[in-house]
Structure formats: structure tokens, C-alpha cells
Amino acid sequence: MKLRTIEISGFKSFADKTKIDFKDGITGIVGPNGSGKSNIIEAVRWVMGETSAKSLRGGKMPDVIFSGTEKRKPLARASVTIIFDNSDHFLDSKFDEVMVTRRLFRNGESQYEINKQECRLRDVLNLFIDTGLGRESFSIISQGRVESIFNSKPEERRAIIEEAAGVLEYKQDKKRAEKE
Ligand code: ATP
Ligand code: MG
């Protein structure tokens with residue numbers, strides 16, 4: 001499974017539709033301070049189901065929508081699409097290419113799609129849970145995260161190990177079943 005493409009539009013500093021193709025090997029993104037490097041990583045986390053505005057450096061979720069500049073009006077919608085090469089079927093999907101889209105409008109309306117089929121946030125989270133890619137995973141390590149893992153309580157650290165071991169999905173299913 002490989003990250004192939006990300007398309008960002010109206011998300012944070014990316015007012016215009018911006019498409020980044022990832023080739024084989026390692027990709028580095030460089031640019032001056034404030035040019036949007038971290039915003040790209042946040043777009044990846046957001047489309048994979050991040051629900052904490054704070055962890056995206058915002059107060060509330062609509063803060064991710066392009067808020068305008070001196071020369072440009074704010075936009076009404078943020079949209080991010082990510083495409084994975086899934087020819088090894090690492091992601092639990094019959095498709096060789098998995099495309100996930102998330103949109104958010106200023107009125108708070110959200111849309112999620114997997115391969116252009118409308119779905120729920122939970123479906124997006126389930127697609128990535130236990131793959132090492134989910135919103136709680138370690139595939140994206142932001143500044144301060146290493147320190148927070150060291151300083152976390154034993155129960156929190158256990159959850160981290162469970163996610164890494166791949167049992168979190170079953171635990172969450174069990175919790176849901178007990179509630180229902
Ligand atoms: P550094 O090298 O300092 O880490 P960076 O390349 O990671 O910088 P980012 O933090 O990704 O830069 O981008 C910050 C820029 O994004 C700021 O100029 C900020 O004004 C802009 N920005 C953030 N949110 C929005 C938004 N909702 N609308 C418009 N611009 C935004
Ligand atoms: Mg940065």
C-alpha cells in the first residue's frame with residue numbers, strides 16, 4: 001500500500017486546488033517558514049478522520065477552511081482527497097486504488113466519501129484503524145508527540161501499544177456492542 005496522491009482545496013493556506021503526487025522512494029517537502037508544509041501533513045491527518053480541531057492548530061473545525069488574505073476572500077469549503085495504491089489489499093477494500101475524500105462547509109456540514117461513495121466518519125476511521133495509519137497512529141509524528149508518549153499515563157501508553165498491536169478495533173467493537 002502506498003500513498004500516491006493528495007489533493008487539497010480550500011484547506012488552510014491552500015486556497016487553490018493543489019495536487020501532490022508521491023513517487024516511489026522518499027519524498028521531502030521543503031519551503032520557507034509559513035509556506036504550508038505542516039498544513040499538508042494536517043490535510044493528510046484530517047482526511048483520514050482527525051476530529052480534534054486543536055490538534056490541527058485550530059479552535060474549531062471550520063478554522064481549517066481557507067480564511068482569506070488581504071487580496072483574497074475567505075472560501076466556503078475545504079476539501080481534501082487522498083489516494084492510496086492498494087494493489088496489495090493492505091487496506092480492507094476490494095479496490096486496487098482507494099480514494100478518500102473529506103469536505104467541510106462553513107455551516108459545519110461534513111461529507112465523507114470512500115471511492116466516491118458517500119460514507120460516515122466511522123467508515124473512514126475503520127478503514128485505517130489497525131493499519132498503523134489511523135488518527136492515533138505513529139505513522140505521523142508531530143512535534144511534541146515523542147515527549148507526550150514518554151510523559152503519558154500507563155493506561156494511555158497501553159492504548160498506544162494496543163493500536164500498534166492491532167487489537168484496538170476489536171476493543172472498540174466490544175465497547176459498542178456492550179452499549180447497544
Ligand atoms: P514552518 O517552517 O514554520 O514549520 P510551515 O511551512 O510548516 O512553516 P504552515 O504552518 O504549514 O507552514 O503554514 C502556516 C501558514 O498557513 C500561515 O501563514 C497561516 O496563516 C496559514 N494558514 C493556516 N490556516 C489558514 C486558514 N484557515 N486560511 C488561510 N491561511 C491559513
Ligand atoms: Mg511547520
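This briefing describes the sheet, the helices, selected loop residues and the ligand surroundings of one predicted model.

Because the model is predicted, local features need pLDDT of at least 70 and side-chain atom pairs count only at pLDDT 80 or more, whereas totals for chains, interfaces and linings use all residues. Residues are numbered from 1 along each chain as its sequence is written, while chains are lettered from A and ligands numbered from 1 in the order in which they are written. Helices (H or I, at least four residues) and strands (E, at least two) are DSSP runs, numbered from the N terminus.

**The sheet**

- Six strands make up an open sheet with antiparallel pairing, in the order E2-E1-E3-E4-E5-E6. Strand E2 (18-21) and strand E6 (117-119) are the edge strands, each of which pairs on one side only. On average, neighbouring strands of this sheet are turned by 20 degrees against each other, direction ignored; axes here are lines fitted to C-alpha atoms, for helices over the stretch in contact, and angles run from 0 to 180 degrees between N-to-C directions.
- In general, strands of a sheet pair through backbone hydrogen bonds, either parallel or antiparallel. Two strands are said to pair if DSSP finds at least two bridges between them.
- Strand E1 (residues 2-9) pairs with E2 in the antiparallel sense over four bridges, and Glu7 stands opposite Lys19 in E2.
- E1 also pairs with E3 in the antiparallel sense, over seven bridges; Thr5 has Ile83 in E3 as its bridge partner.
- E3 and E4 run antiparallel and are joined by nine bridges, with Thr101 in E4 as the bridge partner of Thr81.
- E4 and E5 run antiparallel and are joined by five bridges, and Arg102 stands opposite Tyr112 in E5.
- E5 and E6 pair in the antiparallel sense over three bridges; Glu118 in E6 is the bridge partner of Glu113.

- A residue is buried if 20 or more other C-beta atoms lie within 10 Å of its own, exposed if 12 or fewer, and partly exposed in between, with C-beta atoms placed from the backbone.
- Seven of the nine residues of E3 are buried, so this strand is mostly covered.
- In H1, the buried residues are Asn39, Ile40, Glu42, Ala43, Arg45, Trp46 and Val47. Their cover includes E1, E3 and E4.
- Why does Glu42 count as buried? Glu42 counts as buried because it has 23 C-beta neighbours inside 10 Å.
- Glu42 lies in helix H1 (residues 37-47). Not counting residues up to four places away in sequence, Glu42 touches Lys12 and Leu56; two residues are in contact if their C-beta atoms, placed from the backbone, lie within 7 Å.
- Glu42 and Arg57 are 15 residues apart along the chain, and their C-alpha atoms are separated by 9.1 Å.

**The helix H4**

- Helix H4 (residues 154-165) has twelve residues, and at 1.5 Å a residue they should span 16 Å; the end C-alpha atoms are 16 Å apart, which agrees. The expected span is 1.5 Å times one less than the number of residues.
- H4 is hardly covered, as one of its twelve residues is buried.
- Gly166, which follows H4, has a positive phi near 90 degrees.

**Turns and loops with positive phi**

- The hairpin of E4 and E5 has four residues between the strands, and Gly108 in its turn has a positive phi of about 95 degrees.
- The hairpin of E5 and E6 has two residues between the strands, and Asn115 takes a positive phi near 45 degrees.
- Lys116, in the loop between E5 and E6, has a positive phi of about 70 degrees although it is not a glycine. Lys116 counts as exposed because it has 8 C-beta neighbours inside 10 Å.
- Arg57, in the loop between H1 and E3, is a residue other than glycine with a positive phi near 60 degrees. Arg57 is partly exposed because 13 other C-beta atoms lie within 10 Å.

- Which residues come nearest to ligand 1? Of the 15 residues around ligand 1, these are Ser13, Asn33, Lys37, Ser38 and Asn39. A residue is near a molecule or strand if its C-beta atom, placed from the backbone, lies within 6 Å of it.
- The shell around ligand 1 divides into three nonpolar, nine polar and three charged residues. Ala, Val, Leu, Ile, Met, Phe, Trp, Tyr, Cys and Pro count as nonpolar, Asp, Glu, Lys and Arg as charged, and the others, Gly among them, as polar.
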